[in-house]
Amino acid sequence: MAAAGRVDDGPSVVEALRDGDAHALSELYDRWSPLVYSLALRSLGDVAAAEDVTKRVFTQLWTSRGSFDPARSSFSAWLVELACARIGELEQGGSTAPVGPGSVEKLSEGESGSMALAERLLLADELGHLDPEPQRVLRLVLDDVSPAEIAERTGMSLEDVKSQVASSLVQLRQRWEVAGDAH
Amino acid sequence: MHTDPELLALLALGEEGGTEADRAHVASCRVCAAELEELRHVVVLAREVADEAISDPDPRVWDAIRSEIRNGTDGRDELSVRTHLRGVGETWARASADASLETDEHGRRVLQVTLDADLPDSGLRQAWLVHRDDPRQRQTLGVLDGRHGLWTVAHAIDLTQFAILDISQQSFGSTEHSGDSIVRGELVPAA
């Protein structure tokens, strides 16, 4: 996938996952596996290891689905936590014991490193999930193209460009914050 | 009245916008200033990560997950438990029940109960899952039909915590546990 556009990863899908709906897992995989995989690949530098982490994280998502508490953290924060724990294990080359549901894990140095990377990749991921047109315009502005120039290129009014960019940024910040809980 | 988030977003991008009053407010309001700072942080980071590659895993990863889940090799999904429940107190000393919990082909956790007790003609019998460490926490499963009960147990219920199965004598119309437990026992043994 990774095509722009919103895959449903809202509370209803997470709720369905908790009820044991395997289709919900497949939707969440479509939405979030690129992030988990990319995070593992960047951390471990090895395709096979990154695939292994992705597999373990989503299998664990399924087996531990009853222990996810939406009141405690967002779904994506939970996912990133699981991913960082698995990556940490492989970095230490040690234990592959499963993490107990709801257990509080102490972050190793490697894990806190992957948390910082996770924060960056989450933002890149959310940026890539903005709707295509607003995303294109926001990327231009981030690339230091002025709104006036964008207005000229696209035929939009300057006011429209500004308000679209502003609303994209607000949206990005909200999703990132919800996803990350990390700063 | 705080500044409109979209105006703060524009300011964070280094664009001009808003009135003099808006800018004065942002400068003097702690909440808006913090929000602006946060948005600036997002802009800085977004500039850095704009070209960061997020790539899809090979399809074989999903295939592996799917087959692992289908085979239930994680062990926890293939619950199969049989339990004998004992009568509670003197009143129900001769009561007992048998319970079985199985995972069916759709992954649903199916709980069946058969109650053996000298039951009154009045009221109903209701089944509960009670928290192992805190008996005040309980979820109701539903009402028995005569001596038999058959329910699916939502996966949201963690059976390692809500591990005690309790069947109570209830009067019609009450939603709370009556306190009159007929049988009780551990459904899922402690790990």
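How many bridges join strand β1 of chain B to strand β2 of chain B? Seven bridges link β1(B) (residues 80-87) and β2(B) (residues 96-103), and the two strands run antiparallel. Strands here are DSSP E runs of at least two residues, helices are DSSP H or I runs of at least four, and both are numbered from the N terminus. The model is a predicted one, in which local features need pLDDT of at least 70, side-chain atom pairs count only at pLDDT 80 or more, and totals for chains, interfaces and linings use all residues. Residues are numbered from 1 along each chain as its sequence is written, while chains are lettered from A and ligands numbered from 1 in the order in which they are written.

Confidence was considered next. The predictor gives the complex an ipTM of 0.79 and a pTM of 0.61. In chain B the average pLDDT (the predictor's confidence in each residue, from 0 to 100) is 88, and 94% of the residues score at least 70. Residues 73-77 of chain B fall below 50. This stretch still has eight contacts in the model beyond near neighbours in sequence. Two residues are in contact if their C-beta atoms, placed from the backbone, lie within 7 Å.

Strands β1(B) and β2(B) belong to an open sheet of eight strands in chain B. The order is β5-β4-β7-β8-β1-β2-β3-β6, with antiparallel pairing. Two strands pair if DSSP finds at least two bridges between them. The edge strands are β5(B) (138-143) and β6(B) (148-153), each of which pairs on one side only. Neighbouring strands are turned by 20° against each other on average, direction ignored. Within β2(B), B:Ala99 is the bridge partner of B:Thr83. β1(B) is also joined to β8(B) (residues 181-186), by two bridges and again antiparallel. There, B:Arg86 has B:Arg184 as its bridge partner. Further along, β3(B) (residues 109-116) pairs with β6(B) over six bridges in the antiparallel sense. B:Val113 stands opposite B:Gly149 of β6(B).

Helix packing was examined in both chains. Axes are lines fitted to C-alpha atoms, for helices over the stretch in contact, and angles run from 0 to 180 degrees between N-to-C directions. In chain B, the axes of α1 (residues 5-12) and α3 (residues 30-49) come within 9 Å and cross at roughly 50°. α1(B) is therefore oblique to α3(B); angles under 35 degrees count as roughly parallel, over 145 as roughly antiparallel, 65 to 115 as roughly perpendicular and the rest as oblique. The contact involves B:Leu8, B:Ala9, B:Leu11 and B:Ala12 of α1(B), and residues of α3(B) including B:Leu36 and B:Val43. Ala, Val, Leu, Ile, Met, Phe, Trp, Tyr, Cys and Pro count as nonpolar, Asp, Glu, Lys and Arg as charged, and the others, Gly among them, as polar.

In chain A, α1 (residues 11-18) packs on α2(A) at an angle of about 135°, with the axes 7 Å apart. This makes α1(A) oblique to α2(A). A:Val13, A:Ala16 and A:Leu17 of α1(A) meet A:Ala24, A:Leu25, A:Glu27 and A:Leu28 of α2(A). By class, this contact has six nonpolar, no polar and one charged residues.

Between the chains, 43 residues of chain A are in contact with 39 residues of chain B. On the chain A side, α2 (22-44), α3 (47-63), α5 (109-127), α6 (132-142) and α8 (158-180) each supply at least two residues. α8(A) gives the most, with 10 residues. This side of chain A has 22 nonpolar, 11 polar and 10 charged residues.
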